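Trainee: I've got a new structure to look at and I'm a bit lost. Could you walk me through how to read it?

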Amino acid sequence: MTHYDVVVIGAGLAGLTTACQLAQSNQRVLLVATGIGALVLASGCVDVLGFQPADSTEPVKNPAGKLNDFLVEQPDHPYQVVGQANLEAGVQAFLKLVNQNGLEYQGDLTRNWLLPSAAGAIHPTCLAPASLAKGELSTGESMLIVGFSQMRDFYPALISQNLNEQDLVKAEPCLIDVTIPKAGKVDVMPLEVAGAFEMADFRRQVVSAVKSKSKGYSRVGFPAMLGLYHHREVVADLEKQLDKPVFEISALPPSVPGRRLYEGLKQAFLQAGGRLIIGGKVADGTIEAGRVSQIRLETVNRLKPIQANNYVLATGGIFGGGLEAHQDGTITEQIFGLPITEETNRHKWFNKNFLSPYGQPIFNYGVKVNQQLNPLNGSDAPLAENLYAVGAILAGSEWTRGRTGEGVALATAAAVVKQIV
Ligand SMILES: Cc1cc2nc3c(=O)[nH]c(=O)nc-3n(C[C@H](O)[C@H](O)[C@H](O)COP(=O)(O)OP(=O)(O)OC[C@H]3O[C@@H](n4cnc5c(N)ncnc54)[C@H](O)[C@@H]3O)c2cc1C
């Protein structure tokens, strides 16, 4: 049986960044995950702290500068456990990792980008791919916003109207009728549009439909679908043909920038010598005498035991599959049966306000950890010294509270890497 230094369970942002850093530090790492996590559902940017107080409509301009105020307001947040130094280390490690792999992320902890969302609202985010960062609203530069009449779920008129009403920039919608090759008959999917943009002929048709309308605008915004594997070439070619900056605006899931990030991190992990199993479910794990002795992976005909010196649980919360909510009001952790900070009265799982800026209580339930990020046994003692938890499985990590989900993933990954290496 192969014995690993570390097994990381979960391939969301938390698991992938932990696994990459460990593999680059010469650890023998197995990363195993059922699926590819929330990266393909979120924007592909890294939100560290977008709103403080959480119900403020004013976006945070400097996340590092507002962190203490946020923690006074939300003392049970995972940032309290890991602290600002780990957040800084996580952000630096992430930038190094993705920029080594050609993803071109920009930003730092002292400023948020203010980017247009798919609804024409402001999305404050700390790190953004260069193609999204060029949509920065605070520059005030005018923009033409392009959509496709064949594609639902991206409405240039809605985005432009909302941006104009907020007096942020002058925005003009531009709906074009260019056939998207290989698109499904019922609905056009973002990855199909991304694939179409990788074809030179499709780009030529788009440019000829947009060019005359783009005169008088400083930049041209497209749905965030400008290529998957050849994204940089696609953007460079559109900019050359349109003779002005081109940027991307986040669209509804599945997220193409999120998928690019997943592919980039996966490559970094494999290049560092890591072993990856996607499509494998970890059924259970055994804790004996204060240590995890093994986990078992579901295979076609048996449960395969896997052993390592250390184990990192990055299975996400209820969305990721790491936690399961039951009709009797209990919430369980799926692999080790770890104690969960839960409310068994189901009436308390949700706020009356569906879109509460504080999120929903149920998404705050999770695994409580000590400062080393070892899950606790229900009081203050760690359950297993070689087991760590990162990302959305942690208690208090409801991401809509302040918009902090990706920041938590990076900060907790950095803290665990420090423990293991
Ligand atoms: C729809 C959506 C939108 C979001 N938008 C934002 C946003 O705008 N801003 C923000 O800050 N945050 C946002 N988030 C949250 C943010 O994306 C996550 O908190 C962050 O990426 C960290 O996720 P994670 O890696 O901890 O877990 P996930 O990305 O959920 O990954 C969990 C991983 O664990 C695997 N897994 C689970 N159980 C098992 C098992 N038994 N065996 C093997 N593998 C298993 C899954 O397959 C998956 O790979 C959003 C989340 C969702 C779901």
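This is a predicted model: local features need pLDDT of at least 70, side-chain atom pairs count only at pLDDT 80 or more; totals for chains, interfaces and linings use all residues.

Trainee: Okay, so at what angle do helix 1 and helix 9 pack?

Mentor: The angle is about 25°, and the axes of helix 1 and helix 9 (residues 256-271) are 8 Å apart. Angles under 35 degrees count as roughly parallel, so helix 1 and helix 9 are roughly parallel to each other.

Trainee: And is the crossing of helix 1 and helix 9 left-handed or right-handed?

Mentor: Left-handed.

Trainee: Got it. Helix 1 makes me curious about the ligand. How many residues surround the ligand?

Mentor: There are 37 of them, and the closest are Gly12, Gly316, Gly320, Gly391 and Gly405. Helix 1 (13-24) turns up here again: along with strand 2 (29-33) and helix 10 (405-420), it is one of the elements giving two or more residues to that shell.

Trainee: How do the residues of the shell divide into nonpolar, polar and charged?

Mentor: You get 17 nonpolar, 16 polar and four charged.

Trainee: Can you zoom in on one pair? How many bridges link strand 9 and strand 10?

Mentor: Four bridges, with strand 9 (residues 219-223) and strand 10 running in the parallel sense. To find one of them in the viewer, look for Gly221, whose bridge partner in strand 10 is Phe247.

Trainee: What about strand 4 and strand 5: parallel or antiparallel?

Mentor: Antiparallel, with four bridges joining strand 4 (residues 113-116) to strand 5 (residues 122-125). You can pick out Trp113, which has Thr125 as its bridge partner in strand 5. The two strands form a hairpin with five residues between them, and Gly120 in the turn has a positive phi of about 80°.

Trainee: Last one: which domains is the chain divided into?

Mentor: Domain 1 takes in two stretches, 3-103 and 260-420, while domain 2 covers 135-244. The C-alpha centres of domain 1 and domain 2 are 34 Å apart.

Methods. Residues are numbered from 1 along each chain as its sequence is written. Domain bounds come from an automatic or database domain assignment. Two strands pair if DSSP finds at least two bridges between them. A residue is near a molecule or strand if its C-beta atom, placed from the backbone, lies within 6 Å of it. Ala, Val, Leu, Ile, Met, Phe, Trp, Tyr, Cys and Pro count as nonpolar, Asp, Glu, Lys and Arg as charged, and the others, Gly among them, as polar. Axes are lines fitted to C-alpha atoms, for helices over the stretch in contact, and angles run from 0 to 180 degrees between N-to-C directions. Angles under 35 degrees count as roughly parallel, over 145 as roughly antiparallel, 65 to 115 as roughly perpendicular and the rest as oblique. A crossing is left-handed if the near helix is turned anticlockwise from the far one by less than a right angle, and right-handed if clockwise.
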